[in-house]
Amino acid sequence: MNCARGGHDRRLTLIAIIFANLASAFHGNNGVLEYWDPDTCKYDEYFDTVSLSCSRCNASRNLVPAADRLRCQCDELSGMIGFENGSPLCAACGPNMTATADGKDCVLRPNAPCKCSSNQIKLDRNINGALLDAVLCVTCIQGTYPSADCSKCLPCGSRENSGHVNCVCPSATHVRLRNYCLHKDDVTDWPDIRGTYLVKFRSEHVDSYYLRSELQVAAHLCKKRDRTACEHLSNICALTLYSDGIACMFFMHTPMAPVWLFYNKQDAAMVLNNTRISERYSLRKGDNNTILDFTIARFALNGKFLSIGRPTLPCQFLRNVRFGINFNKKCKTTAVELLNAQVELLSPYIAFREDNRSFIHALPVIVKSPDQNIKEISHQQLVRKFFLVDNVSGFKALSIFIHSGFIKASELSVLRYMKSLTILVNVQNRKDHGKIFAPILIVEYDELTYQDFLNNSDVTINYKVAFVLKDNDIDYDVQITVGVFTGIALIFSGVKAWNYYKHNHNGNLSIAVLLWFLIYSMGAVGNAITFVCICTCVYLFVFYKAQTVPYVLLPNEDSEEKIRTYITVAFSFKIAEMIGFVYQHWDLSVFFIDWEQPRTIPDQPKSPLQETTERSYVHDFPISVWRTYFIANEWCKLQTRRRINVALQSIYTLCFLQIFDLESWMLVIPESTVANTSSETENNFTLQFAICTFMYIFIYLLQWFVRFTFYERYIRNRLQKFVDLCSIANISVFILAHNYYGFYIHGRSVHGFADTDLPTLINDLKKEEDDLCAHRGLVPGTTDQTFILSLTHSFKSLYDELMRQKNNVCTRLFFVIYFAQGSVGILKGSDTPSRNWKQLFETRSKISFFLMQFLDHCLENEDYIIKEQHILEKLWDVFFVDAKDKSVFYIDNNYSFNKVVLHGNEWLLVTFEVTVFAFFLTWYNSYIFACIATVIISQLFLIIIRCNVKRNLCNKSLLDKRFLM
C-alpha cells in the first residue's frame, strides 16, 4: 500500500463522512441550509460542511484548519488523545517530535521520504534515538501491516487494511473480496447472478465488470453505515439511471436511507411548490439579484466528496443564468474527449440570500428517457444526482473458466453521456412576483458505441433554461380563445353557406352546400387561429419588454411548438379556402350588352353634276366591335387588379425591420436596447413572430389607409372609372356569380350612340355635366347604375338554353380549328370557320337581344322589379325572400360587383398572405424568406386567376381570345 495515498484517502473519507451529515441535515430541513462560501473563510477558520458556515479553530488548544479546510485538526507538534464536543483533544509533543500520521502519538520527525516496499516500514533512528547511517526498511510480520506514515507496523483488524497481503483472511469463516476480508454470514444472501451486474443500455445489456468488482463491497460496507461506501453505492445507482437494482434498493425508503438520493413520490408536488427560496429576482439588467447562483457538489465515483461551489461544467453550464430569460445552447465535443473524461457525480443546489445570510436549497433532478414525454412533473421520480459521462460501467466482464473469475474487457462497449440538460424554473405569480420555486433539472442521456470511438464522432450536448410563470398557462388561454373564435367563425360560415344555398338552389340541401360550408369554415377558422396566435405573441412581446418585475414570461418550447402547429393548421385551411375561391370564380358568367344601334347614313355626292343626275345612295354602317373588346380588356384588368401591391408590401416590411433596427427587439432579453449584449443571445421565436407579423400587418393597413382615404378618393377609383367607361361605351355588363345571384352594371348611353368622333363625345359629356340630358340610371330620372340581381328560375332556364346553343357552336369551332387546319388556320380564308364564327355571332346576338328585351321590360313572361335592400340583408349579404314570379334588381351604391374581382376580395387575400407569411416565418425562422415566399405564392395564384379570366371571357362572353390583351 502506498503510504502517501493512504493518508490522502483517510482525509477524503473524513470529508465524505462530514458531507453525508450535511446531506442528512438537508433532508431533515426541507432541503435548505444556511451557506457560506468556503473561499470567504479566514486563515484560522474552517468551513463547517454541516452548518455551511466558517468556524474558528481554537489555537489555544493546538487546533489548526486541515489542509482541505473542512475541519480542525491537531497541529503538527501535537498528538490527538481523544475528542471533546466533536473536536479533537490535542496534547503537545516534545521537542523535535511530530505527530504520527494518525495523529494519536508523537514521533521523531522523518528526514527522508518513505521508499520501502508496501509491506515494510521505515526506520531512520535507533531505539535510543540515535540517527542511523541509512534508512532501514523493516518487514512487518504476518498479521501486521505498515502504518500510513511508514513508521510502524500496526496489527490487522481495521476495516481498511483487513485485506492486506500480510493480513490473514481465514477461509473457513471469511471470504476475501477485493481488499476486504468479509465474514461469510454477511455475504450469504448476496444474489451472485448475472442480472445483478447487468447494466441496461439502449443498444445492448452489458454484464458490467465495474459492478462485479465494486457493487458487493459497496453494498456490504454501506450496511455497516460506512458513509463513503453509501455515497459510492448511490453513485452506482445513478450510473444505472436509477433502475430497480440492488444499488438503488438501499435508498428507496427515503427516511431510512443512508444517503439522500430519492425524493418521496408522494411529496413531489410539495417539493415542486416549495416557496422556501425567499430572494426576489429582478429582470432589470445590472441589479444584484438578476443571476441565479447555482452550486454543485462534486463526488468522485468511489463516493469521496471532492468540492462544493460554483459549477465547473463544460460550456459554462449552470453559469450566469439570468433570471427570466429562456436560453438555448449547443455544446460540441467528441467521442474521444468523453472517453477520456473523469467520471463525477453531481448534486445541484441553488444559493440565495435572506436577511444578509446565505442559504442553499437542494434541487431535484429528473432523468428523462429518450422516448419519454414529460407532461406532469409531479408524477416523475425526483432524485438528487446526475452525471456528465459514464465511461466505466460499459466495460464487459469476461469470464475465466479456469479460475471461475472475470477479467475486464480491453475495449469499452458502450459509453453513456448527458445528451441534454434542461433547467426548468417555475416563477411565482401574484403577490410573490420575482420569487421562484425550486428549479428542476431534467437530464437526458444518450449512448456511444465502440465504432463511435474509432470514428471519433462529433457529439452535441443541448443545454436549455426555461422560465415558466406559475398559474399563467398561456397554452390554456390560447386554446380557450381559439375555441371561442372558432365558434364565432362557424356561425359566420353557416351564414355564408346559407347565402350560397339561397344563391344557387331552390330545393333541398345538397352535398355541395355542405362542402362549401366546410370550405367557408376552414377559411374562417384559419383566420381565427392566425388572429389569436398573432395577438398572443404581440401581447407577450409588449408586456415582456422593459418589465422589471416578471408579470409575463416568454413561453417555453412546447408552447412555441403548439403555436407552430396552430399556424400550420391555419395555413392548410387558408390554402383550401383559396382553392375554393379560384374554383368559385372559375366559370364566372360575364356577358357584355352592346346597346349601340346601326345607323343609316346617306352617301355624299362627289360633284354637283352627280348630285343632280344620279340618285343618292343610303348605307347601313355595322356596329363597331372594338368598344366591346375595349370594355372586356378593362374588365380583365379590373378583375385581376388588387388594392395592395404585394411586392411593395414585402419590400416595405423588410425596410422597416432593417431601418428601425427592429431585429434587435427579437433578442430574448427584457431590455428594448441591445447595449453590451452577449454574442450568444439569440432571437426568440415569440418575439420574432410578434414583431414581423405585426409589422407586416401594419404596413398593409398603412397601404390600405392611404389608398382608401386618399388615392381612391382624390386620384382614381377603379370601380367608378369602369362604370363611367361602360356608360361612355354604351355597353352594360351582366354578371352571374351564382345560379340565381349576380350583378348588373347599366352602361346604356343617354346620348343613344357611342360610335362618334371626339368633338361629339366631348360635347355629350359637357351636356351631362350641365344636366342638359337624361341621367344614366336604369330607371329614368335616377343615377343608379349598379344593381344586385336575384333571378327567377324561369329566367335562368331561358338564359342557360341560349348558352347551350353557344356551347354547341364553340365545340364545333374548336374541332374545326385545332384538328382540321391548325391553330393558325383561323386567320386563313377557310369557309368552315367563317360559318362557325357567324353562327357564334348569331348566338351572341340572340343572348344580347334577350337581355335587352328583359332589361327594357319587353318580355311577356319575364320581368323584374327594382327595390332597396333591407338593412339586415345588406348587413348579412343575404336575401330573405327568393325571386319567384319576377326577378329583383336591388339598388347597389357600393359597387358590390367587386365581389367577383380581386379588388373586392382584399380581406380574403390579405388574410391568406398574412397566414402564408406567418407559416414560413414560423418554420424557417427567416422573415426575408417569408416575404419572398409570400410574394411567390401570391403571384402564383394571381397568374392562375389571370389566365382563367381570359379563358372565361372567351367562353361566356363569346369573344375571340386573340383580341384580349
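**Loop between S22 and S23**

I started at Asp-355, which lies in the loop between strand S22 (344-354) and strand S23 (357-362). Helices (H or I, at least four residues) and strands (E, at least two) are DSSP runs, numbered from the N terminus. I am working on a predicted model, where local features need pLDDT of at least 70, side-chain atom pairs count only at pLDDT 80 or more, and totals for chains, interfaces and linings use all residues. Residues are numbered from 1 along each chain as its sequence is written, and side-chain values use heavy atoms, with hydrogens and water left out.

I looked up the backbone of Asp-355 and found a positive phi of about 55°, although Asp-355 is not a glycine. Asn-356 sits in the loop between S22 and S23 too. Its phi is positive as well, about 60°, and Asn-356 is not a glycine either. I noted the background: most residues other than glycine have a negative phi.

Asn-356 is exposed, with a relative accessible area of 70%. My cut-offs, with a 1.4 Å probe and protein chains only: buried is under 20% relative accessible area, exposed is over 50%, and partly exposed is in between.

**Whole chain**

I then took the totals. The chain has 21 helices and 39 strands. Buried residues make up 49% of its 965 residues. I also checked contacts, meaning heavy atoms within 4.5 Å. Of the contacts with a separation of 6 or more, 67% are between residues 24 or more positions apart.

**Salt bridges**

I counted a salt bridge when a side-chain nitrogen of Lys or Arg is within 4 Å of a carboxyl oxygen of Asp or Glu. How many salt bridges does that rule give? The count comes to 34.

I looked at the pair Asp-432 and Arg-280, whose closest N and O atoms are 4.0 Å apart. Arg-280 counts as partly exposed, at 38% relative accessibility.

I moved to Asp-856 and Arg-748, which form a salt bridge at 2.9 Å, N to O. Asp-856 lies in the loop between helix H18 (831-855) and strand S38 (864-867), and Arg-748 in the loop between strand S36 (741-745) and helix H16 (758-769), so the pair joins parts 108 residues apart in sequence. Asp-856 is partly exposed at 32% relative accessible area. Arg-748 is partly exposed at 33%.

I also found a network of salt bridges linking Asp-44, Glu-45 and Arg-56.

**Around helix H12**

Asp-594 forms a salt bridge with Arg-627, with the closest N and O atoms 2.8 Å apart. Asp-594 is in strand S32 (residues 589-594) and Arg-627 in helix H12 (residues 626-639), so the pair ties together parts 33 residues apart in sequence. Asp-594 counts as buried at 12% relative accessibility. Arg-627 counts as buried at 10%.

I checked Thr-628, also placed in helix H12. Thr-628 counts as buried, at 2% relative accessibility. Which residues does Thr-628 contact, leaving aside its neighbours within four places in sequence? They are Phe-592, Asp-594, Ile-731, Arg-844 and Leu-959.

Next I took the packing of H12 on helix H15 (residues 718-729): the angle is about 170° and the axes are 10 Å apart. H12 is therefore roughly antiparallel to H15. Axes are lines fitted to C-alpha atoms, for helices over the stretch in contact, and angles run from 0 to 180 degrees between N-to-C directions. Angles under 35 degrees count as roughly parallel, over 145 as roughly antiparallel, 65 to 115 as roughly perpendicular and the rest as oblique. Arg-627 is one of the H12 residues that meet H15, and Phe-722 is one of those on the H15 side.

**Helices H2 and H3**

Last, I looked up helix H2 (residues 209-223) and helix H3 (residues 227-239), which pack at about 135° with axes 8 Å apart. That angle makes H2 oblique to H3. The contact includes Leu-211, Leu-215 and Ala-218 of H2, and Leu-233 and Ile-236 of H3.
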